[in-house]
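Subject: Structure handover

Hello,

I am passing this structure on to you. Please have a look, then read my notes below.

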Amino acid sequence: VAKAFGSNHKEVAWVCMSGGHNITQSFFSVVADEVRRRGWSEFKNREAATLLWALGTTNEPCAGTFEEARRDLEGRDLSRLNQVDIANIAWAFASARHAAPDLFSRLAQEALRPENPEPATAALPPDGDSA
């Protein structure tokens with residue numbers, strides 16, 4: 001996983017997202033550990049949103065990973081997020097049951113911003129459960 005992170009974040013995010021419930025919990029643990037090791041700041045908005053969404057599909061997401069992501073996202077310019085990324089981040093935090101009221105407030109402000117033209121359609125978990 002670390003080698004894949006060094007070459008292409010998008011590929012790792014896609015593997016996480018497309019594999020869903022067919023990927024073992026240990027794989028997600030390795031991904032979470034590698035993300036924490038490298039830091040969320042290394043990931044662009046779309047990559048962070050996709051990784052969070054993928055980690056949110058697991059049964060036992062790592063609270064430390066979501067806390068670090070929350071801190072990083074709260075320091076970012078969220079106006080660069082599109083509607084899908086906003087929805088995926090919000091869904092991931094809600095699915096992980098990780099409280100982030102300030103982040104949710106900022107995400108809501110961005111979702112309601114008229115200049116954000118993309119429809120708010122988030123990817124659903126692989127089994128279609130809207131959790």
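Which residues are linked in a network of salt bridges? They are Glu34, Arg37, Arg38 and Glu42. A salt bridge here is a side-chain nitrogen of Lys or Arg within 4 Å of a carboxyl oxygen of Asp or Glu.

First, the ground rules. This is a predicted model: local features need pLDDT of at least 70, side-chain atom pairs count only at pLDDT 80 or more, and totals for chains, interfaces and linings use all residues. Residues are numbered from 1 along each chain as its sequence is written, and side-chain values use heavy atoms, with hydrogens and water left out.

**Overall fold**

The chain has seven helices and zero strands. Helices (H or I, at least four residues) and strands (E, at least two) are DSSP runs, numbered from the N terminus. Of the 131 residues, 43% are buried. Buried means under 20% relative accessible area, exposed over 50%, and partly exposed in between (1.4 Å probe, protein chains only). Take the contacts between residues at least 6 apart in sequence: 75% of them join residues at least 24 apart. A contact means heavy atoms within 4.5 Å.

**The core**

The largest nonpolar core has 26 residues. Such a core is a set of buried Ala, Val, Leu, Ile, Met, Phe, Trp, Tyr and Cys residues joined through side-chain atoms within 4.5 Å. Trp40, Leu52, Ile89, Phe93, Leu103 and Leu107 have the most contacts inside it. Helices H3 (25–38), H4 (45–56), H5 (63–74), H6 (83–95) and H7 (101–111) each supply at least two of its residues. H4 gives the largest share, seven residues.

H4 is mostly covered, with 11 of its 12 residues buried. Among them are Asn45, Glu47, Leu52 and Trp53. Leucine 107 touches Leu78, Leu81, Ile86, Ile89 and Ala90, leaving aside residues up to four places away in sequence.

**Aromatic pairs**

There are three aromatic pairs. Rings of Phe, Tyr and Trp (its six-membered ring) pair if their centres lie within 6.5 Å; planes under 30 degrees apart count as stacked, over 60 as edge-to-face and the rest as tilted. Tryptophan 40 and phenylalanine 43 form a tilted pair, 5.8 Å centre to centre with 55° between the planes. Tryptophan 40 is buried at 4% relative accessibility. Phenylalanine 43 is buried at 2%.

Tryptophan 53 and tryptophan 91 have ring centres 6.1 Å apart and planes at 35°, so this pair is tilted too. The pair links distant parts of the chain: tryptophan 53 is in H4, tryptophan 91 is in H6, and they are 38 residues apart. Tryptophan 53 is buried at 3%, and tryptophan 91 is buried at 13%.

**Salt bridges**

The structure holds 10 salt bridges. Arginine 37 bridges to glutamate 34, with the closest N and O atoms 2.7 Å apart. Both lie in H3, three residues apart, about one turn of the helix. Arginine 37 is exposed at 57%, whereas glutamate 34 is buried at 8%.

Arginine 71 bridges to glutamate 67 at 3.6 Å between the closest N and O atoms. Both lie in H5, four residues apart, about one turn of the helix. Arginine 71 is partly exposed at 48%, and glutamate 67 is partly exposed at 23%. Aspartate 72 and arginine 76 meet in a salt bridge at 2.6 Å, N to O. Both of these residues are buried.

Best wishes
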